[in-house]
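The report that follows is written for a reader who is new to protein structure. Please look at the sequence and the model together before reading on.

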Amino acid sequence: MTHSSQDTGSCGIQEDGKLYVVDSINDLNKLNLCPAGSQHLFPLEDKIPVLGTNSGNGSRSLFFVGLLIVLIVSLALVFFVIFLIIQTGNKMDDVSRRLTAEGKDIDDLKRINNMIVKRLNQLDSEQN
């Protein structure tokens, strides 16, 4: 683009309706006047991608689908672990109740054994 540059600071742009192109971001004050026939210098088709033609969208949607699957699987695993924790807690409660009941039974058996031993000692002492 070798067009004549105009300095906007030195003289105001008198031509209204003309298309100007900026050479670079550093030279914003230097504007190049586009020729009259080059109104379609940057076609809209190049700047606006057609929906579904961007190759990045395919990999992005595949990434999101994979992420969604991973999240669903991890959520299912978390629910399964919570279920196992609850089941283990219930089993531990059952075992502790059984141990407590068996402890009471053992104490009862010890008392009965002591009563039998005392009675046998009394009968042995009466026979002697």
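Is aspartate 94 buried, partly exposed or exposed? In this model aspartate 94 is partly exposed, with a relative accessible area of 31%, where buried means under 20% relative accessible area, exposed means over 50%, and partly exposed lies in between, for a 1.4 Å probe and protein chains only.

The model is predicted, so local features need a pLDDT of at least 70 and side-chain atom pairs count only at pLDDT 80 or more, whereas totals for chains, interfaces and linings use all residues. Residues are numbered from 1 along each chain as its sequence is written, and side-chain values use heavy atoms, with hydrogens and water left out.

**Overall layout and confidence**

The chain contains two helices and three strands, and from the N terminus on its elements run β-β-β-α-α; here helices (H or I, at least four residues) and strands (E, at least two) are DSSP runs, numbered from the N terminus. Of the 128 residues in the chain, 4% are buried. Among contacts (heavy atoms within 4.5 Å) with a separation of 6 or more, 28% join residues 24 or more positions apart.

The pLDDT, which is the predictor's confidence in each residue from 0 to 100, has a mean of 74 over the chain, and 56% of the residues reach 70 or more. Confidence is lowest in strand E1 (residues 5–7), at a mean of 47, and highest in H2, at 91. Over residues 4–13 the pLDDT is below 50, although this stretch has 17 contacts in the model beyond near neighbours in sequence. Where pLDDT is low, the predicted coordinates should not be read in detail.

Side chains of opposite charge can pair when their charged atoms come close.

| Pair | N to O distance |
|---|---|
| Aspartate 94 and arginine 97 | 3.0 Å |
| Aspartate 108 and arginine 111 | 3.0 Å |

Aspartate 94 and arginine 97 both lie in helix H2, three residues apart, which is about one turn of the helix. Arginine 97 counts as exposed, at 53% relative accessibility. Aspartate 108 and arginine 111 are likewise three residues apart in helix H2; aspartate 108 is partly exposed at 34%, while arginine 111 counts as exposed at 52%.

**A nonpolar patch and an annotated span**

Leu75, Val78, Phe79, Ile82 and Ile86 make a nonpolar surface patch of about 480 Å². Isoleucine 82 is found in helix H2, which covers residues 55–127, and is partly exposed, with a relative accessible area of 41%. Patches are made of residues with over 30% relative accessible area and no salt bridge, with like charges joined within 9 Å and nonpolar side chains (Val, Leu, Ile, Met, Phe, Trp, Tyr) within 5 Å.

An unreviewed UniProt entry places the feature "transmembrane region" at residues 62–86, and such annotations may be inferred rather than shown by experiment. In the model this span is 100% helix and 0% strand, and its end C-alpha atoms lie 36 Å apart.

Technical notes
Accessible areas come from the Shrake-Rupley method with a 1.4 Å probe; for residues, only the protein chains shown count as cover. A salt bridge is a side-chain nitrogen of Lys or Arg within 4 Å of a carboxyl oxygen of Asp or Glu.
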